[in-house]
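Hi,

Here is the structure I promised to pass on to you. Have a look at it first, and then read my notes below.

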Amino acid sequence: MPEKTAQTRTIAVDMVARVEGEGALRVTVKDETVQDVELRIFEPPRFFEAFLRGRHYEEVPDIVARICGICPIAYQMSAVHALEQIFGLRVEGALRDLRRLIYCGEWIESHALHVYLLQAPDFLGYDSAIAMAKDHAAVVPRGLRLKKAGNAIMTLLGGRSVHPVSVKVGGFSRVPLRRELEGLKDELLWARDAAVDTVRWVADFEYPDFAPDYNYVALRHPDEYPLNEGQIVASTVLQISATEFEQHFVEHQVAYSNALHCTVQGSPYLVGPLARLNLNHDHLTPLAKQVLTDRRIALPLRNPFHGIIARSVEILYALEESLRLIERYETPPLAALPVAVRSGTGMACTEAPRGILYHRYEVDGDGVVRDAKIVPPTSQNQFRIEQDLRLFMPRLLHLPDKEAALACERVIRCYDPCISCATHFLNLDIRRESST
Amino acid sequence: MLDQSKDVNERRRPSLAVFKFASCDGCQLSILNLEEDLLAVGQALDIAYFPEASSDMKPGPYDIALVEGSITTAEDAHRILSVRKQANVLITIGACATAGGIQALRNWADVEAFKRTVYPSPEYIQSLSTSTPISEHVHVDFELWGCPIDKGQLLRIVTDLVAGVQPRLPADSVCLECKRRGNVCVLVARGIPCLGPVTRTGCGAICPSMGRDCYGCFGPSEGARKGPGLPPNTASLAKHFHGELQLIPVEVMRRFRGINGYVLPFRAESDLWESKT
Ligand code: SF4
Ligand code: SF4
């Protein structure tokens, strides 16, 4: 062990703000070289997988929604798809469209929250969106109204936007009438224009020049931008179905974190909007493609700070897709398909706002859950965030500790980490050691 | 009550702090979901501490502290004491903070076995064997029920406090709300085991309006016949589930052991039916 000298410095930030959840960062620097980067997730574990055991399958959507208030639909969707696989159900037509629609609502709400309230203040130099609102009087209300448009979709279909109540195995407990959906249209049309302005706005931010080599992982569907379904693909050679997830993706526990690290083919990888956009931009709408071209945004995007651009493009996509789905909606005869319970194991992966979310369930003949496994996007990205910090740190070493710490927080926020999902405060602790 | 002694014009803006313990962030998101009202709240109050929304974290004391989440670690059991010291009025928001939350399902289980289920090296995980509401640790001034809370109720209580009015929140059952909305009763008409008769109002009867049973996310209502502050008649509802709707005891037990399973009336009912399984 090198001896610590007078040059050893420790920098600590009690909590990284504007992320969902509690985590800490420790960076050890020795002789001006980055030694260790540990992203520690302190969010106390909540043991969902354990207490799903012994519950009836019908209770699963209500329980897993509580893993995360920001993306409850993602949890409900991965769960119902996995359970439907066991019962041999395929949800098609208008019910499938409604699932896509409510998921679009969640993407809009979650992405608008991150773009406007959590990340944009970093680029414009504010502590919060509320502080930003004084100087950007038009922008912040635009973001809040966009978010509200997403919430309106979720509330109409799900009863409320946080922990919606209508999603169930086989479909919904209630489906909307055509005229109810039409009631959303005017606001969604406004929001579509606001989303175009959002992409233009964020495209003009100043970005640090940083482009690590990522392995992107996302779903891919032959005909559409992925939400509920698709094969799992990566920039490296990989094309598998969700049933093969556990054969390729391996979770490791690290001593310093309550979230597990996930690797594919032994290496870190990236999930989320950037990965999704890079692997699926051919399925964007003409308008979304046009806005990218107009702003000279070339894909693939390799800079993690461009996550805010990817998120904004996805808001636009989700609004256009919502309008398309509403346009073709006919109220289905049944709100849910009947379920014939049988025992078995089912796996599914869907695209949560923060990236692929894998669920596996084993149920018995009475429909009672015997085993469950959930791999959230933030724990998949955790290892990748550490790698990025390792690569980004050298350019921060000349800075005073406090500023270096703030810059690290910004890198972490690019990922929109949802630490509640991964198992909340970010303590940054930089240790500077010298062996001389 | 907040200090209302000074003249309105001289009064400084009351400060608000938001703390998080073990939770899903859904109740904090309900604050951000105030949308237009959020900016108004930002003007009426000094949002002094809200890490989820702002990097500007000012030290206490605070006039109003909102606490989300339950106590699940020894560290958090300690931290809540300092939150209490810094808060003039402390309000718990949501089922986690008010009743222990869904994570209180661990209170019936072997947490060491849970750790082994989720983590290959359970010894690294620091966690208490229980998830407990804030009121088991410190004095709580007001409780906002719900998983998540209703943002209208939150706005109401904060407005009342700022205006110097004693806040009062309804405590009767979801059923009454259902009647006001003209819903068809899913329990009577469709034989679905709905917890509405014993669940606190506040949500606007969302679930029956969406064609399904209430699963108790606002916690126990107060017993209408027995008087304010007294528990609802869970025993009679449970008997109905078992006798008329033919639920077997374990199913009755699961009904009560949910999002608010650890709060006393629901806890006692679920324990009773567990003993019959
Ligand atoms: S009470 Fe429910 S919504 Fe609120 S933090 Fe807890 S789990 Fe989330
Ligand atoms: S009806 Fe019951 S479960 Fe549904 S939102 Fe209201 S209190 Fe919660």
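**What I found**

Ligand 2 sits between chains A and B. The model is a predicted one, in which local features need pLDDT of at least 70 and side-chain atom pairs count only at pLDDT 80 or more, while totals for chains, interfaces and linings use all residues. Residues are numbered from 1 along each chain as its sequence is written, chains are lettered from A and ligands numbered from 1 in the order in which they are written, and side-chain values use heavy atoms, with hydrogens and water left out.

Of the 14 residues around ligand 1, the nearest are B:Cys24, B:Cys27, B:Ala95, B:Cys96 and B:Cys147. Helix H4(B) gives the largest share of this shell, three residues (helices, H or I, have at least four residues and strands, E, at least two; both are DSSP runs numbered from the N terminus).

Chain B also has an open sheet of five strands, in the order E2-E1-E3-E4-E5, with parallel pairing (two strands pair if DSSP finds at least two bridges between them). Its edge strands are E2 (46-49) and E5 (142-144) of chain B. Three bridges join E1 (residues 15-20) of chain B to E2(B), and B:Ala17 has B:Tyr49 as its bridge partner in E2(B).

Best wishes

Methods
Near = heavy atom within 4 Å.
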